[in-house]
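Please look over the sequence and the model before reading on.

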Amino acid sequence: MSQVLYNAGESPHTRSESRLDFFQAISGVLLIAFLWAHLLMVGSVIISPSAMNALGWFLEATYMAQIGGPIIFMLMVAHFVIAARKMPFAAGEWSLFWNHAVRLRHKDTWMWIVQVATALVILIMGSIHMYTILTHLPIDAATSAARVRGGWLPFYLVLLPLAELHVGIGFYRLGVKYGFITRSTRSRWQRGEYMMMGGFVAIGLMTLLRLWLLAG
């Protein structure tokens, strides 16, 4: 069988890379969905602290927080490890890629550079955030407000826009890669991407403000 596939022009290495690309895409979509759902659920405090408390109670009562949290963390690490195989970590690689990007002046190339840079920061900050949340269950408005007032506000003001920038670019690049976004529709999708990122950042900022005032 392997010989047949090789003769058809598909080597074992190519099949392995295809599988890794597919898992990277699937894990990316799942993480995007999680981040947006997480922002909306925490953002329920804007409506009412009791609404956020009810959602937190549901997540803990159904063990979605205790089980789902570690699963999301492992998915995030796996997604980074798979994506890292294409990242230029060595100084020489960065220099070569940077010079290449400067000469090309290609917007999508610069978007990939931003995605790589934000991925490194998000992996560290996201891990800290998830550890803090999962070791201080249940999730409720009072605990979250105390955390924001207790010195975590600058942390979230950095993590929020970086996370949205990363997933927004990732969503766009997936669309381009798998043909959902074509050359003729690219500008329209980019405008939609900016609006989407701005909307979720706005929700996150309103959530932080609400928690800050709640603890005041």
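What follows describes the overall fold, a surface patch, a pocket and a cavity.

## Basis and overall fold

This is a predicted model, in which local features need pLDDT of at least 70 and side-chain atom pairs count only at pLDDT 80 or more, while totals for chains, interfaces and linings use all residues. Residues are numbered from 1 along each chain as its sequence is written, and side-chain values use heavy atoms, with hydrogens and water left out.

The protein chain has eight helices and zero strands, where helices (H or I, at least four residues) and strands (E, at least two) are DSSP runs numbered from the N terminus. Of its 216 residues, 36% count as buried, a term for under 20% relative accessible area, with exposed meaning over 50% and partly exposed in between (1.4 Å probe, protein chains only).

## A nonpolar surface patch

On the surface, F22, I26, L30, Y178 and F180 form a nonpolar patch with about 540 Å² of accessible area together. Areas come from the Shrake-Rupley method with a 1.4 Å probe.

A pocket is an open set of points on a 1 Å grid with protein on both sides within 12 Å along at least five of seven lines, and lining residues have an atom within 4 Å of a point. The second largest pocket has a volume of about 260 Å³, and of its 14 lining residues, V29, F171, L174, G175 and F180 lie nearest its centre.

Helix α2 gives the largest share of this lining, seven residues, and by class the lining has 13 nonpolar, one polar and no charged residues.

## The cavity

In a cavity, a 1.4 Å probe fits but cannot get out. The count comes to one cavity of 30 Å³ or more, and the largest cavity has a volume of about 50 Å³.

The largest cavity is lined by I133, H136, P138, I139, D140, T143, S144 and R147, with three residues, the largest share, coming from helix α7 (residues 141-177). By class, this lining has three nonpolar, three polar and two charged residues.

Conventions
Patches are made of residues with over 30% relative accessible area and no salt bridge: like charges are joined within 9 Å, nonpolar side chains (Val, Leu, Ile, Met, Phe, Trp, Tyr) within 5 Å. A salt bridge is a side-chain nitrogen of Lys or Arg within 4 Å of a carboxyl oxygen of Asp or Glu. Grid points are joined across faces, edges and corners, and a volume is the space filled by probe spheres set on the points. Ala, Val, Leu, Ile, Met, Phe, Trp, Tyr, Cys and Pro count as nonpolar, Asp, Glu, Lys and Arg as charged, and the others, Gly among them, as polar.
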